[in-house]
Amino acid sequence: MSRKNQKAPWEEEEEIIWVSKSEMKRDMEALQKVGEELVELKPNALAKIPLDEDLLEAVKDAQRFKNEARRRQLQRIGKLMRQVDVEPIQAALDMLRNKHSQATVALKKLEQKRDKLIENGDSMINAIMVDHPDADRQRLRQLVRQANKEKAQNKPAKAYREIFQYLKTLYLED
């Protein structure tokens with residue numbers, strides 16, 4: 001008796017991972033959704049995404065097409081994406097989507113810093129001077145005094161806004 005297609009009992013068997021047809025279809029649809037996101041991007045945002053030449057050309061074509069031609073082109077993009085590592089593309093798309101929320105968080109931190117600056121005065125100014133030695137200490141003190149004065153007299157918060165703008169130039173334009 002021959003053992004043509006069988007392994008010896010001491011040999012390790014390879015584990016075969018079965019993937020259902022539905023799961024494969026879901027994966028392909030997910031790739032097509034990523035392709036749709038790429039097609040919706042503006043040219044300058046698209047330039048920031050790491051795409052190979054064929055895929056980039058297909059995306060640019062899909063941006064020009066309408067209706068049925070666009071649908072078929074999106075399917076082609078999905079097919080091309082099966083041969084490419086999608087993780088860097090997905091990471092770049094996530095970065096683009098998240099850029100707005102990162103900016104919002106940075107502005108909220110600046111608002112908190114401004115409030116602490118008005119409350120604590122010189123101690124906070126000294127902390128800012130440590131981070132940014134080129135900052136204008138006298139200007140910051142003057143703005144803090146004005147903000148406190150405006151608050152006490154219930155005047156419009158002009159200095160309050162100026163402090164925010166000054167901090168924004170210090171921290172966000174590095």
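**Notes on surface patches and buried charges**

1. Asp-52, Glu-53, Asp-54 and Glu-57 come together as a patch of negative charge on the surface; Asp-54 belongs to helix α3 (residues 53-64). Patches consist of residues with over 30% relative accessible area and no salt bridge, like charges being joined within 9 Å and nonpolar side chains (Val, Leu, Ile, Met, Phe, Trp, Tyr) within 5 Å. A salt bridge is a side-chain nitrogen of Lys or Arg within 4 Å of a carboxyl oxygen of Asp or Glu.

2. This is a predicted model, in which local features need pLDDT of at least 70 and side-chain atom pairs count only at pLDDT 80 or more, while totals for chains, interfaces and linings use all residues. Residues are numbered from 1 along each chain as its sequence is written, and side-chain values use heavy atoms, with hydrogens and water left out.

3. Ile-17, Val-19, Met-24 and Met-28 make a nonpolar surface patch of about 360 Å². Ile-17, placed in the segment before α1 (21-40), is exposed, with a relative accessible area of 68% (exposed means over 50%, buried under 20%, partly exposed in between, with a 1.4 Å probe and protein chains only).

4. Glu-150, in helix α7 (residues 137-152), is buried yet has no salt bridge, and the nearest side chain of opposite charge, Lys-158, is 6.9 Å away. Leaving aside residues up to four places away in sequence, Glu-150 touches Lys-155, Pro-156, Ala-157, Lys-158, Ala-159 and Tyr-160 (contact means heavy atoms within 4.5 Å).

5. Arg-114 lies in helix α5 (residues 86-120) and is buried, with a relative accessible area of 9%. Not counting residues up to four places away in sequence, Arg-114 touches Tyr-160, Ile-163, Phe-164 and Leu-167.

Conventions: Areas by Shrake-Rupley, 256 points an atom, 1.4 Å probe, with all protein chains shown as cover. Lys, Arg positive; Asp, Glu negative; His and termini not counted. Charge placed at Lys NZ, Arg CZ, Asp CG, Glu CD. Helix = DSSP H or I, 4+ residues; strand = E, 2+ residues; numbered from the N terminus.
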